[in-house]
Amino acid sequence: MSEERQKEFVSDWEARIDSGLKYRKKYSSEDYWKKYREYYRGRWGNDKIIPLNRIFSFGRALLPRVYFRTPTIMVTPRRPGLEAQARILESIDNWIIREIKLKYTMKKAALDSYISGVGPIKLGYDSEFGYLPDLAVGVDGETGTSIGRASATAIEYNVNIKPGMPWAMRVKPESIITPWGYDDPDMMPWIANIIYRPLEDVHEDQKYNVNRFKLVGGYNHQLKFKNPHFASAINNEQKYCELTEIRCAKTKSIIVISEGNILMDERDELQIEGLPYEFVIFNEDIEHFWGISDVFLNWPQQKELIECRTQASLLRKLAILKLGYKKGALKREDIEKFLSSAIEDIGAGLEIDDDAINSALMSFQPRNTVDDTTKESREVEADMRETFGFSRNQLGEFSPFHGKTAAETRVVEAGAEIRNDERRDIIADTLVNIIRKINQYIFKFWTEERVIQVTGPDGAAAWVRYTGDQLTGEYDHIIDPDSGQPISKAIKYQAVQQLLETFRDDPYIDPIKLRKMLLRQFEWLDPVASELVREPGHAVPGGYGSPETPIPFEQFARQLRGGVGASP
């Protein structure tokens with residue numbers, strides 16, 4: 001590409017980025033995001049107020065109800081003949097969820113959505129800053145995407161991003177730019193991510209072309225960082241580069257621009273089922289992409305609540321008994337003794353020389369109006385709960401006008417979960433979409449044989465060799481609902497034990513599977529607890545291989561279709 005053509009190319013993309021920044025500024029609460037995070041941390045910037053931090057408390061009450069405590073995926077094939085693949089893929093998916101700390105990523109994205117309206121999650125493979133197959137190597141070797149070319153030192157530091165592995169990472173909302181006017185991420189022609197990297201790491205990164213050596217750090221076409229919060233927080237002694245990474249759906253490419261230079265313009269191998277992004281948005285805007293922040297909706301009530309509490313504190317101090325005394329009627333030491341005893345004791349006495357005591361001493365007792373502000377505070381809190389979906393009978397609040405009946409209790413319990421269920425569904429859908437895209441990376445990039453432990457036909461552990469292309473197919477992914485419910489181990493054990501007693505002699509219930517269900521409740525003690533049960537006639541030592549000698553995928557598939565005794 002000629003130098004003139006490069007300038008035109010960069011100028012065109014910079015114009016699109018500027019338009020996306022204006023779109024975000026106009027239709028999001030971007031101007032308040034930093035302030036909302038400070039309030040969530042309890043930093044109000046004013047020592048004279050008495051804060052009641054409902055931004056934090058409502059957030060902490062809401063988030064544990066919507067994310068999955070132990071996210072578990074169930075995989076089922078969409079057509080016959082993929083049962084073995086589905087079983088292996090299910091084990092892989094649940095292992096990857098733990099390996100890349102996807103639960104932690106989902107929690108942070110949910111918190112971003114609560115505060116900012118949008119919780120972006122970026123997906124990738126092998127490298128944090130763009131995947132180029134020519135620089136990637138095997139599972140156990142070093143990768144050219146994370147090691148500097150000249151110094152042979154690390155240039156990527158996220159421990160959850162490993163060679164030859166997919167990943168999902170939370171991205172700050174202010175680092176994401178979308179095209180003007182698009183409300184659905186699945187329809188967007190491009191999504192941009194603003195990235196900040198040390199200048200020395202950019203110079204070492206082999207993924208970028210020779211233009212990387214032109215960078216000086218701390219510059220872009222606007223002569224300032226697109227993220228001013230980052231600019232004010234960076235180490236002045238360390239030079240940083242602002243990189244604009246663009247995933248273009250129109251050309252299926254990944255483009256990186258910095259300081260007016262094109263650092264990368266390559267085919268994007270990760271655009272298999274759309275752009276490599278997912279978003280947690282609890283409150284969608286029907287016309288615009290940028291969701292509506294829960295904190296933004298409740299900020300007026302939060303300010304009112306702080307004002308009520310601060311005024312109540314001042315009124316309480318004003319309501320303290322005050323005395324007026326005639327000049328010269330009381331000695332200074334007597335006044336000091338009186339004030340000291342009034343604080344330390346319930347009563348206080350004072351000897352007065354003046355004959356007319358009423359003219360020597362008078363008390364003032366202002367009217368206590370704290371009750372008025374307390375009542376108003378309760379009304380403000382009720383407004384906030386209603387916004388979150390926690391107030392009124394159907395929304396989770398008991399009526400204060402009569403006793404609580406059993407029917408009302410059930411209505412309140414169900415009503416309080418309506419909004420939580422909706423948010424939990426959003427988290428579940430996002431998690432499934434992430435896993436579906438990660439599976440596509442597995443099908444495409446895992447060309448070398450790997451080993452995974454799965455469950456065999458009789459429930460015993462099986463060690464299987466496989467490659468990604470052997471698993472290729474269409475599957476349905478379902479989130480285990482128990483992984484998101486606040487159900488203790490004791491409750492689950494009691495429920496399964498009751499089930500075992502109820503159907504112990506029922507000829508239509510499989511007793512082996514029922515016992516395995518009971519033993520699964522002890523997997524927190526030992527992951528292979530359910531394998532203690534052996535089906536009659538299916539105990540074949542070594543039939544499923546071992547970690548040292550795993551069986552081939554084809555053999556496992558035959559055993560799954562015809563039983564353990566099927567010949568390899």
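Colleague: Which way do the side chains of strand S14 point?
Modeller: They alternate along S14, residues 475-479. Tyr 475, His 477 and Ile 479 point to one face and are buried. Buried means under 20% relative accessible area, exposed over 50%, and partly exposed in between, with a 1.4 Å probe and protein chains only.

Colleague: Is this predicted or from an experiment, and what gets counted?
Modeller: It is a predicted model: local features need pLDDT of at least 70, side-chain atom pairs count only at pLDDT 80 or more, and totals for chains, interfaces and linings use all residues. Residues are numbered from 1 along each chain as its sequence is written, and side-chain values use heavy atoms, with hydrogens and water left out.

Colleague: Back to S14. How many bridges join strand S1 to S14?
Modeller: There are 5, and the two strands run antiparallel. S1 covers residues 73-77. Val 75 stands opposite His 477 in S14. Two strands pair if DSSP finds at least two bridges between them.

Colleague: What holds paired strands together in general?
Modeller: Strands of a sheet pair through backbone hydrogen bonds, either parallel or antiparallel.

Colleague: How many helices and strands does the protein have?
Modeller: It has 15 helices and 15 strands. Both are DSSP runs, numbered from the N terminus: helices are H or I with at least four residues, strands are E with at least two. Of the 568 residues, 45% count as buried.

Colleague: Now strand S12. Which of its side chains are buried?
Modeller: Arg 450, Ile 452 and Val 454. They point to one face of S12, residues 450-455.

Colleague: What does S12 pair with?
Modeller: With strand S13, residues 461-466. They run antiparallel, joined by 6 bridges. The bridge partner of Gln 453 is Trp 463 in S13.

Colleague: What is the strand order in that sheet?
Modeller: S12-S13-S15. It is an open sheet of 3 strands with mixed pairing. S12 and strand S15 (551-552) are the edges, each with a single partner strand, so one side of each has no neighbour in the sheet. S13 and S15 run parallel, joined by 2 bridges. Val 464 stands opposite Ile 551 in S15.

Colleague: Which helix packs on this sheet?
Modeller: Helix H4, residues 83-99. H4 touches S12 and S13, and its direction makes about 105° with that of S12. Axes are lines fitted to C-alpha atoms, for helices over the stretch in contact, and angles run from 0 to 180 degrees between N-to-C directions.

Colleague: Let's switch to the other sheet, the one with S2. What is its order?
Modeller: S3-S2-S9, an open sheet of 3 strands with antiparallel pairing. The edge strands are S3 (166-170) and S9 (277-280), each pairing on one side only. Strand S2 (residues 119-125) and S9 pair over 4 bridges. Lys 122 has Tyr 277 in S9 as its bridge partner.

Colleague: What lies across that sheet?
Modeller: Helix H5 lies across S2, S3 and S9, running at about 30° to S3.

Colleague: At what angle does helix H2 pack on H5?
Modeller: At about 115°, with the axes 10 Å apart. H2 and H5 are therefore roughly perpendicular to each other. Angles under 35 degrees count as roughly parallel, over 145 as roughly antiparallel, 65 to 115 as roughly perpendicular and the rest as oblique.

Colleague: Which H2 residues make the contact?
Modeller: Trp 33, Tyr 36, Arg 37 and Tyr 40. On the H5 side are Leu 111, Tyr 114, Ile 115 and Ser 116. Contact means heavy atoms within 4.5 Å.

Colleague: And H3 against H5, how do those axes cross?
Modeller: The axes of H3 (residues 54-66) and H5 (residues 102-116) come within 11 Å and cross at roughly 140°. That makes H3 oblique to H5.
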